[in-house]
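Student: I have a structure to go through. How do I read its features, one at a time?

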2 protein chains.
Amino acid sequence: MGMESSVFRVESMTVPGGAEAIVRGGRDLFPLLPSALHGVERIGVLGWGPQGRAQALNLRDSLAGSGITVAVGLRPGSRSLDDARANGFNEDDGTLGDWLEIAASADLVILLIADAALAAHHEEIFAVLKPGATIGLSHGFLLGYLRELGRDFPAGHPVIAVCPKGMGDSVRRLYVQGATVNGAGINASIAVHADPDGHGTDRALAWSIALGSPYTFATTLSAEYHSDIVGERAILLGAVHGLVEALYRYFRIAGADPVTAYERSTETITGPIARTISKHGIPAVRAASGDSDLFDRAYSAAYRPARDLVAEIYDEVADGTELRSVILAEQRLANRPMTQIGGSPMWSHSPTVHARRSTPYRTVRYGGGSGDARGGGASGAAAGGGAGIDAVTAGVFVGTMMGQVDEFVVRGHAWSEIVNESVIEAVDSLLPYMHARDVAYMVDNCSRTARLGARRWGPRFQAVYEQIALPQLDQPADAQLIKEFLANPAHEALAAAAELRPSVDISV
Amino acid sequence: MGMESSVFRVESMTVPGGAEAIVRGGRDLFPLLPSALHGVERIGVLGWGPQGRAQALNLRDSLAGSGITVAVGLRPGSRSLDDARANGFNEDDGTLGDWLEIAASADLVILLIADAALAAHHEEIFAVLKPGATIGLSHGFLLGYLRELGRDFPAGHPVIAVCPKGMGDSVRRLYVQGATVNGAGINASIAVHADPDGHGTDRALAWSIALGSPYTFATTLSAEYHSDIVGERAILLGAVHGLVEALYRYFRIAGADPVTAYERSTETITGPIARTISKHGIPAVRAASGDSDLFDRAYSAAYRPARDLVAEIYDEVADGTELRSVILAEQRLANRPMTQIGGSPMWSHSPTVHARRSTPYRTVRYGGGSGDARGGGASGAAAGGGAGIDAVTAGVFVGTMMGQVDEFVVRGHAWSEIVNESVIEAVDSLLPYMHARDVAYMVDNCSRTARLGARRWGPRFQAVYEQIALPQLDQPADAQLIKEFLANPAHEALAAAAELRPSVDISV
């Protein structure tokens, strides 16, 4: 997609089949933010969840001294009040207050309240906006919701989105790290959905750069919505959960003790696989697995069924079915609180596994044992603790990741969106976080929409792996599929994205 | 619901909280069928799937000598042509032909083609109907589909439904058995959706009695649709599949060999549990499990999360979300054929387990070992082969069944519908069929809508059992919940239904 700015330099990033317009970030650009914001003198951030907190803090830091105020608006009775105060927002100077008051006073109103609250209260918020105030979003949920109801955003207001390709916690942590490592940060996409005064792109770019995005690319709110919601249900969260549940039991049944089964299923993904992709790209995982034949067989067994499931999720998201399901779930939650998934027995071993981490991401290769649950043969606990790359887990995980990439390609997404939503967000934000906590903790504590999606689709991935992929492990690899994997243009797109952004060991 | 007939005797069945109108079946009523059909001289059955085949054969047999013709209509190029011919339908006498020709010639057109075909072709069929011809359905899918599109059935035509509470195979087999055991058969509900000439109820009752229904109860097409679609996604199919996948792995991880794990998870349900419920009611399973404390703990652990999932399915079915999902899946199937779920390793042991059946349903009780996957302790392979009732499996299965019953109660279904759709259809039709084949075979070979639903929700049940229910097995039973289970009015409703219908060992 194209992108034009009167303030920032739009560059061309070479991607397979052409080029995409991007804007590089950096602290050196902060002095340009006020002019790019075109008349925005007060930014209201509604909500203090992980994204609200991170964005409010980053915006305030980036705009310090500019005269532009950042204020936080909270629901009456919000439990976040103390934390917002502790972070320097306060009622006395008007930087903290009731959400409707903050919304009514700001020139750019960034809606970072929970999706359910957004669905329930967007009309109240819209009703108090100043004439011409810009509506800011960080994902496309509200667009999907309004479409489902046959409504639209209120006329006369610019509607823009800046969508960081990482969780709120990462957006803040990498921004702080970016003070010493210039360029550290979470990439973001921008979308200009309504642009009555023609300054939407500049404002969105300014907001994105102020968040610390190493590079910003353009999308539409609709494409953002699709890739975001599908991605978190697939490789970013749902598929990871389904995969580790399936593989943990698979290795256990094959004879592995709980700690080894945990390491070979979960630890290998959140640790060395994520790290290897982040540093060296996706095909490097195959080499690092120590058994490329087994990797290839696992990849071949998983790719097609996993991709079919991504396609199913995509259809349901695009159709609105997924959103209807979320709305129905929100209604049920009033009487039926969501259960935790952390009760699954494997998670009781997280502390033991974490304690075994001698050096992070130590290179340990498991023996070539196929871990065939039918015939036994799970081999190779990593001597001395710490997880290596398990070839089965690696093949299934990478097969799923490439399934999502390829499905996003045929659905027409831009390469920047594809690799950020399928790879970079996974390996540089979510998986390191899961590595520090655990996968169940992540699922049980992410946004409600993501959490509902992971619970809805994670078990589907688990079933696909258990019923279709793993039983095919003893089949020969699909040579053509492996060839296509190694030649996939995604690797080139990922490399182009990597050049714009240094790999940083995110603190978690 | 009330029901009035000018031909058949409407009886009152005492159910908890009141009475329901029912009509008893029987071969002695066959002479009344022509007058009850009110001018129907030719019945066209479109489709030769299991229901189409069973209904065409039963109708023809029941109406033999009455002068009323039963004809079968098939799609051009249908692969069922030979089987229909082999069963005595033929083009020469006009009892076999193109579906549109048969539809155009019949006074009662029974639509038993696959749901996807119904969605694609109902308008063509409606267009050729004789004026005033009755449209006959055997489930509410088409109503749901038309509602989703904002359409309705064509005006001027009676629209009636007869919905056997069992699979087509059972409808035929029990009808044949009914020749010697009078009263054997599959119960059915009827719904009169449009009744322009006032004879809808009589026609539906005649059709139901001609199918061999021991008793017929009234419902609405909408209630039928909800309970039917939810039921097959829950206790009838989806939950059973999810349950056996979860429990097989659970017992395997606890140390059981594959055959024992299969017997304790699957065989115990499809054999002795189904048989015990059919013969002696649901609470009898608790007594027969040999460890009522363990049963109670398993029941307590499973009931709430399973019921929550039934509620979720119900919401999605009632909202139309589930139907949209089916439609989307049908569109994908053109390019992405549905995978089989029979690849899951447990099913490779079906022949061994089946061969171990010394005497069917032999009473074998497993030791009180909890099968705690965390601590080991899977005990008690049945000595000498054959499966007994495993208390863990029984508690989880019955907890799920009661969860569906109780959820259907709060959704306002009649008791006949509740117990037929949650219990009788399971234990007298589907589970015996699964016992003869296996669960995966059933899922891979049932109707597409059911199959899609089982694949969509089975893994959700599996996850709920694995992540929530089974990890709670070491918690004390919920005494209040068990008390409510034992006093559940469903048992009374089931007993009332059982009096109207002899328990028959269905041939499979």
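Tutor: Start with burial. Buried means under 20% relative accessible area, and exposed means over 50%. Keep in mind that this is a predicted model.

Student: Is A:Asp228 buried or exposed?

Tutor: A:Asp228 has a relative accessible area of 13%, so it is buried. A:Asp228 sits in helix 9 of chain A, residues 221-233. UniProt, in an unreviewed entry, places the feature "binding site" at A:Asp228.

Student: Which residues does A:Asp228 touch, leaving out those up to four places away in sequence?

Tutor: A:His139 and A:Glu421.

Student: Where is the kink in helix 13 of chain B?

Tutor: At B:Tyr303, shortly before the proline B:Pro305. The kink is about 35 degrees.

Student: How many residues of helix 13 of chain B are buried, and what follows the helix?

Tutor: The helix is mostly covered, with 23 of its 28 residues buried. B:Gly320 comes after it, with a positive phi near 95 degrees.

Student: On to charges. How many salt bridges does the structure hold?

Tutor: Side chains of opposite charge can pair when their charged atoms come close. Over all chains, the structure holds 74 salt bridges. Take a pair within one helix. A:Arg249 bridges to A:Glu245, with the closest N and O atoms 2.6 Å apart.

Student: Where do A:Arg249 and A:Glu245 lie?

Tutor: Both are in helix 10 of chain A, residues 238-253. They are 4 residues apart, about one turn of the helix. An α-helix has 3.6 residues a turn, so residues three or four places apart point the same way. A:Arg249 and A:Glu245 are both buried.

Student: Which parts of chain B does the pair B:Asp315 and B:Arg411 tie together?

Tutor: First the bridge: the side chains of B:Asp315 and B:Arg411 meet at 2.9 Å, N to O. B:Asp315 lies in helix 13 of chain B and B:Arg411 in the loop between helix 16 (391-410) and helix 17 (415-436), so the pair ties together parts 96 residues apart in sequence. B:Asp315 counts as buried at 15% relative accessibility, whereas B:Arg411 counts as partly exposed at 29%.

Student: What does B:Glu316 pair with?

Tutor: B:Glu316 forms a salt bridge with B:Arg456, the closest N and O atoms being 3.8 Å apart. This pair links distant parts of the chain: B:Glu316 in helix 13 and B:Arg456 in helix 19 (residues 448-469), 140 residues apart. Both B:Glu316 and B:Arg456 are buried. Salt bridges that share partners place these two in one network, whose other members include A:Glu316, A:Arg456, A:Glu322 and B:Glu322.

Student: How do I read the interface? How many residues of chain B contact chain A?

Tutor: Read the contacts, then the area, then the bridges. 42 residues of chain B are in contact with 42 residues of chain A. The area buried between the chains is about 3,700 Å², with carbon and sulfur atoms giving 47%. On the chain B side, B:Arg324, B:Arg336 and B:Gln467 lose the most area to chain A, together 19% of what that side buries.

Student: How many salt bridges cross the interface of chain B and chain A?

Tutor: The rule finds 16. B:Arg324 has a salt bridge with A:Asp319, the closest N and O atoms being 2.8 Å apart.

Student: One last residue. Where is B:Ala394, and what does it touch?

Tutor: B:Ala394 is in helix 16 of chain B. Its relative accessible area is 0%, so it is buried. Not counting residues up to four places away in sequence, B:Ala394 touches B:Ile273, B:Val285, B:Phe295 and B:Ile389.

Notes. Residues are numbered from 1 along each chain as its sequence is written. Chains are lettered from A and ligands numbered from 1 in the order in which they are written. This is a predicted model: local features need pLDDT of at least 70, side-chain atom pairs count only at pLDDT 80 or more; totals for chains, interfaces and linings use all residues. Side-chain values use heavy atoms; hydrogens and water are left out. UniProt positions are given in the numbering used here, feature names are shortened, and annotations may be inferred rather than shown by experiment. Helices (H or I, at least four residues) and strands (E, at least two) are DSSP runs, numbered from the N terminus. Buried means under 20% relative accessible area, exposed over 50%, partly exposed in between (1.4 Å probe, protein chains only). Contact means heavy atoms within 4.5 Å. The bend at a residue is the angle between axes fitted to the seven residues ending there and the seven starting there. A salt bridge is a side-chain nitrogen of Lys or Arg within 4 Å of a carboxyl oxygen of Asp or Glu. Buried area is the accessible area (1.4 Å probe) that two parts lose on being put together, summed over both.
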